[in-house]
Amino acid sequence: MTLIQLEHVRHAHRSGSFSGAARACGVTQAALSNSIAKLEEELGERIFSRTTKSVRLSPFGETLIAHIDQILSGRDALLGAARERSVPTMTVIGHSPLFPSTVLAKIVGSIRDAGFGAEIRLVEENLADLLQRLGEHTLDIALIPDADYGPSFRSTPVWREPLYFVPRRSRAPLKAPVALASVASDTFVMVPDRCGLARATLGLFDEAGLSMHAYAGEAMGYHVLQEWAALDLGSAILPQSRMTDGTGAVPLLLSTGEPARLTYCVVWHKQYERGKQLATLLRPHRAT
């Protein structure tokens with residue numbers, strides 16, 4: 001039994017679905033389902049009653065959930081008290097590989113100028129690892145694309161940048177910004193849901209009520225997407241800071257005519273006061 005398994009149970013109970021819990025925990029649905037299944041095997045009974053539409057606690061799960069909440073609350077309180085009692089000598093900032101380096105430099109400068117510790121340490125990791133470290137209080141803050149990361153975390157926007165449509169090679173050249181609805185029938189090359197780009201891209205389509213047709217393969221990272229578009233495997237969507245010249249890319253528009261944008265947030269654990277202080281410090285960088 002691990003604390004991570006208990007976190008997965010709590011999020012599944014609160015969201016009513018494994019897919020929602022997986023998004024909140026920053027893991028795949030298969031990984032979360034497997035985690036809970038192993039815990040059920042260890043305990044000898046089903047924690048959840050599953051249907052095709054939702055999951056709910058079984059009678060056995062109902063007897064456990066209060067104890068699970070108590071254990072996780074105790075963990076959070078213990079870690080928070082230990083960190084708050086110690087004199088900070090270091091500020092640890094986690095960030096997604098997608099976060100723009102120019103904005104990161106400004107944020108690091110602001111934290112350094114404010115004297116938050118004698119040393120600043122940067123950690124670049126995928127979303128799941130960053131969220132886990134925030135929960136363990138081994139990160140002060142994380143800089144990641146905006147999403148619903150669950151009730152254990154707080155966030156505030158710090159930067160927004162335009163999203164661009166990168167047409168596949170066989171598509172007719174575009175000379176002006178293009179609406180998402182007009183290109184939604186394309187096949188799109190995608191990356192795994194690790195840095196936040198896949199989640200943001202799927203969110204654009206969901207909010208517009210559109211279906212997305214994804215290429216069967218997945219690129220290892222966002223830097224490959226333009227190459228794959230040039231190979232005519234599919235079109236792509238990328239933030240402006242991750243674009244290179246000569247792609248024929250154009251700005252992407254929403255149905256309202258407004259530019260589509262990727263929002264980045266500073267995220268911290270709700271019980272970690274130092275994270276809240278750093279987020280307050282970064283308000284001058286808040287996205288507009």
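Colleague: Where is the place of Arg-169?

Modeller: Arg-169 sits in the loop between β6 (153-166) and β7. Helices (H or I, at least four residues) and strands (E, at least two) are DSSP runs, numbered from the N terminus. This is a predicted model, in which local features need pLDDT of at least 70, side-chain atom pairs count only at pLDDT 80 or more, and totals for chains, interfaces and linings use all residues. Residues are numbered from 1 along each chain as its sequence is written, and side-chain values use heavy atoms, with hydrogens and water left out.

Colleague: Does Arg-169 count as buried or exposed?

Modeller: Buried means under 20% relative accessible area, exposed over 50%, and partly exposed in between (1.4 Å probe, protein chains only). Arg-169 counts as exposed because its relative accessibility is 58%. Of the 288 residues in the protein chain, 46% are buried.

Colleague: Which residues is Arg-169 in contact with, leaving aside its neighbours within four places in sequence?

Modeller: Contact means heavy atoms within 4.5 Å. With those neighbours left aside, Arg-169 is in contact with Ala-229, Ala-230, Leu-231 and Asp-232. In the protein chain, 75% of contacts between residues at least 6 apart in sequence join residues at least 24 apart.
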